[in-house]
Amino acid sequence: MQPSDSRKTPLTFDTIEPGSGLAAALAKSRADIIGEVSASNLKGRGGAGFPTGTKWNLAAAARVHGEAAKYVICNADEGEPGTFKDRVLLTAYADLVFEGMTIAARAIGATRGLLYLRGEYVYLRPHLEAVLDRRRKAGQLGADILGTPGFEFDIEIRMGAGAYVCGEETALIESLEGHRGEPRNRPPFPVNTGFMGQPTVVNNVETLASVTAIFAKGAAWFRGIGTEKSSGFKLFSVSGDCDAPGVYEFPLGITIAELLERVGGTGAKAVQVGGASGQAVPASQFGRRIAFEDLATGGSIIVFGPGRDMLHVAKNFMEFFVEESCGQCTPCRAGNAKLLEGIERLERGACSSAYLNELVRLCETMQVASKCGLGQSSPNAFLSIVTNFQDEILGRTPADR
Amino acid sequence: MSGEVKAGQDTSRAPSSQRIQQVAAPPDVLQMIGGQITVTIDGTDVKVPMGTTVLEAARQIGIRIPTLCHHPDLCVAGVCRICVVEVEGQRTLQAACAYPITGSLKVKTHTRKVRQARRHILDLLLSTHYGECYSCKRNNNCELQSLAKEYGVDFYRFGHVTESQYPKDESSYSVIRDMDKCILCRRCVRTCIDVQEVGTLEAVGRSNRTRISTFLDKPLAGVVCINCGQCINRCPTGALHANDTSDEVWRAIDDPTKHVVIQTAPSPRAGIGECFGCEPGTPLTFQLNTALRLCGFDKVFDTNFSADLTIIEEGTELLGRLYRALVKQEPAAFPQFTSCSPGWVKYLEHFYPEYIPNLSSAKSPQQMFGAVIKTYYAKTHNIDPKDIVTVALMPCSAKKFECNRPEMAGSGFKDVDYGLTTRELAQMIMEAGIHLPDMPKSGFDDPFGDRTGSGVIFGATGGVMEAALRTVLELVTGRKVEKLFEHANIVPVRGFDGVRYVELPITQVADEVPALIRHVIPTFEFLKGATLKLAVAHGTANAHKVLEDIKAGGKLSECHFIEFMACPGGCIGGGGQPIPTSPEIRAARARAIYAEDMESDVRKSHENPAVARLYSEFFTDGPCGHLAHELLHTHYTARGKHIG
Amino acid sequence: MLVSQQQKLQEEIRALVARHGRTRAALMPVLQELQEKYASITDFAMQVVADELGIHPSEVYGVVSFYAFLHHEPKGRFQIRLCQTISCDLAGKARVAKQLENELGIAFGETTPDGRFSLEWASCLGMCDQGPALLVNDRVYTRVTAEQAHRIIEECRSVFGAHATQAAHA
Ligand SMILES: Cc1cc2nc3c(=O)[nH]c(=O)nc-3n(C[C@H](O)[C@H](O)[C@H](O)COP(=O)(O)O)c2cc1C
Ligand code: SF4
Ligand code: SF4
Ligand code: SF4
Ligand code: SF4
Ligand code: FES
């Protein structure tokens, strides 16, 4: 009943000496720090895959409005179903995460950092506070960090309160500012107008830890791992029908088949790549690669064994989105509810193909017209299941339940 | 002599997502702000200043993009998504209302994807929309309904609710909430928080349980609401509407034992034409008189009469306070605040009860008229006041609450029995089969037929101040106001700036105080060389700024007299006025009002012969005298903010 | 609430606001501390918070009603949140849920009449490799079986001590 260590493979992060990355970064000029990150070709590990170097560059160039300063925010709201690698990182490698934030601060000229920790992980807070305290005492946070004159930066932990949408960076900022977690219009983007209207970098926990690794071992080393477009190693949160669920590290570009081999999930019927907002990949496509150029993911892998009812899966995902939609914009607020209703019709065997097609078109509208990534991606799972498992979901009888 | 009060920093409390977006761009591009950018919309080029939204740019070249959550008075929301357009190079569609132009763009506004998305959004909104257009207050004037027509909605693609989901909130005298018809555009929320600083309404809950509600979902009458109705004016649907008492008014008209009199305020007369298809700013004052008689009202009076009365009472009160403070060294609350806007009065009672002594004790013109009708008029016309029904045509939903205040019955009878909004009266006129613009003109009824331009301009922000100044300056200086201001137009107090501040030095004073007010103030000598400091504010968010400045001992705390109007633009923008509203529409209505003022033969309250007659025949102990206090003045309740 | 209690709460909120800063950005931390201490945020508390931060009570209510971990209605001393998302679902959350309901005699979304336990669904708790997972306040339990439901509840009861346990059995 007590949680156990999720790690199933050795992680590169084990080999990174805390402090080494930060020291290496502080030896460089601010422009060179960003240059190094860009050279590594690191792309955001939170799901969207935006190039981290570019993001930092924009924030570094952005002008501060008025007196205040820039911010670095670590997105530790990890709420995507099937994702738990950030929890592992915060538990076992918190130093590397805070170091990544400190490097980001140096790069963009920020003085305050915030770690937005999801409410469900409140039990990690004492540990994280202790690490922060230790780092302050060691001169790794505070004024003149590691003897770098004028480099002042500190980190504060702020808690989420049970809202998946607050993982979306602008909703996260709204939440930090004391509002309902409702995503903002973009543009402007947080790199220009973020927390308190100031230029703000929001990065995922793993992105920041990877930054530290990149400075400890060099951009060239990082680029040498993975594929041309998807550099580096990646943590995967694997769950569902496999022998050894847990956190794995693989280079990007791994195929689903290879991955299933490693986690003891061969024979699966489908794999959900990218969590609830990702897609259900059927066995026929297990040759596809997990990389930004093919199946992008924040690392969530959910394996569905041969006996699983994919309509039930679709329903579980849709219930999640109905519950977690912020309710602000029409396509997502009302659209998810309509899709769920459609799934319930399918369950009852009472959905015509015409209506199903209507719902598929509604999915397209949600994908293009929703205000934020939640509504834009919430139809994905439904769509992929309707597309790939149509004969399984149509014409159900009570016996199929 | 006119000084600008800086609006101060942005006090908007709206979530940053719903505030006007800062244009954000790298520094080199920032240089270009103010510069022009060419964008291509549906193949047509248009040059716009950096930061213009796609919606604004499209409107400039006559391309219509539908909107629901957008409103010209409010900050951006970008939540309904009906305005989505295709922007070349973007994976998703973009909300035109929220997309600032910071570089050249190619936009398409009606591609297949766009049309499908808009139709789906309407289908989704309608799937949860419970209500039928023909039993709806907004039938034919509803943005959702027009869009459904525009996009050819002929069936409910995603079904339709067949049962009410929310009970109607009919607790308020002023505003009724029918959330079954709410489309969650949040225009009311932004209005109530940003424009009015009252914060009654907010989005509550999340996901598809999100609803617009009050603190703890309490009925409107149980929370802090100033009844201003600004939320109604900006609601695109029938989800919010005024508490309509026209049935009761018809009943009174139908009852032969009742003597039904109506007073009409200037703002509705400048606005009511809009309900009949006229351009905003078409005054129908005299056509309306004819129509009202046809409807069956026994007498039609002009609220201007009691506006003039208000000026005399309130002006006398002000001079009295000045005299007490400056000559007799007695305590007197300054600045004196106007009290004719019931929304503002309730705002003060809730949020700044400690400033109640500053409020003029004079009733609003609506209430003064009611009191005069049920006393003086009843007596002189030999009608039992219990048989008189007083109706007021007002631009305002707060007037409905005001006339039901228990203290508003100094004569033993309710001063005003029913307050009707412009929209409701227009409805009654239509019901009577009358097309208002076609009516012949006719005048007001005696004995209150005399009216002045001062009463007319009460309708626009700054109007009460201007009317008061016309009288006070003339009495105090002994010189014609026309000598001080061309055509007696006191332009510095006009306009639509949120807060306006004016200083008027008094260089000379009249030798003698007019007999009418000599009992309050025996001499003007003490005012010689003094400088009158005055301010005007409209919209309670601006009132909030003024009061905070006063509290902090700022420049406005030195004012002698401040005019407050709860509604943006003053009464012409009242919560009972025709829908829609916008800065342009309000400006047009204001123009109509100032034009009516210019056309008046008499333009100063103290020159109104009917008012003079009233004092000589009835209020014989003069302005602010005993009887006046009983009938024309009132008191206030410190309500505070706590919601029990 | 008694006047003295109200005053105490007011003092407490003022101290919280002083600590977190008199800005709207302090709203979440202040509400979270109140939630943790009192298991709900009362009408009165919301109004005091609004006053102290210079915002409207409706806005505080809007925020409280948005977040799953903030409550206006009183919740149990122990809030049991069972993950309902896919991995825990595949791992058998349905039977755990049923048994929790059986043990407590309440349905999800309800609180026991003695005010001790509330049963709620949660979205993904980030324990997907060890599901079914549940949170009891800030403590996480993993690989929970229907059989263990009873033990988890007993563990909570023992926190109350002998006295409270007696009361619960009475
Ligand atoms: C609905 C939604 C939820 C998200 N949740 C998370 C999350 O839990 N953690 C995260 O790092 N990013 C999340 N993101 C992505 C963030 O918006 C943002 O892109 C990311 O934090 C940027 O960091 P990165 O570039 O380092 O990946 C989410 C996005 C959406 C639309
Ligand atoms: S897409 Fe969904 S979560 Fe995103 S803003 Fe719209 S309603 Fe909110
Ligand atoms: S709100 Fe509009 S669409 Fe709805 S019933 Fe009224 S008129 Fe019709
Ligand atoms: S009437 Fe005025 S105060 Fe009341 S809810 Fe509407 S906008 Fe807010
Ligand atoms: S009540 Fe009207 S203005 Fe307010 S959100 Fe609903 S539809 Fe929009
Ligand atoms: S009008 Fe643009 S999103 Fe509503």
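Reply: In this predicted model, ligand 1 is surrounded by 19 residues, and the closest are A:Gly46, A:Asn75, A:Asn203, A:Asn204 and A:Thr207. One of these, A:Asn75, places a polar side-chain atom 2.9 Å from an oxygen atom of the ligand. The backbone takes part as well: a polar backbone atom of A:Arg45 is 3.2 Å from an oxygen atom of ligand 1, while a nitrogen atom of the ligand lies 3.3 Å from a backbone N or O atom of A:Gly167. Of the 610 Å² of accessible area that ligand 1 has on its own, the protein covers 90%.

Two or more residues of the shell come from each of the elements β4 (200-204) and α14 (373-377) of chain A. The strand β4(A) gives the most, with three residues. By residue class, the shell around ligand 1 divides into nine polar, six charged and four nonpolar residues.

As for the cysteines, the count of disulfides over all chains is zero, the cut-off being a sulfur pair within 2.5 Å. Two residues of chain B illustrate this result. B:Cys295 is buried, because its relative accessibility is 8%; its sulfur is too far for a bond, since the closest cysteine sulfur, in B:Cys275, is 14 Å away. B:Cys571 counts as partly exposed at 25% relative accessibility. The closest cysteine sulfur to that of B:Cys571 belongs to B:Cys396, and because the distance is 6.9 Å, this pair is also too far for a bond.

Methods:
Residues numbered from 1 in each chain as written. Chains lettered and ligands numbered in written order. Predicted model: local features only at pLDDT ≥ 70, side-chain atom pairs only at ≥ 80, totals over all residues. Heavy atoms only, no water. Near = heavy atom within 4 Å. Polar contact = N/O pair within 3.5 Å; in protein donor to acceptor, adjacent residues only side chain to side chain. Areas by Shrake-Rupley, 256 points an atom, 1.4 Å probe, with all protein chains shown as cover. Helix = DSSP H or I, 4+ residues; strand = E, 2+ residues; numbered from the N terminus. Nonpolar A, V, L, I, M, F, W, Y, C, P; charged D, E, K, R; others polar. Buried < 20%, exposed > 50% of the residue type's maximum accessible area, 1.4 Å probe, protein only.
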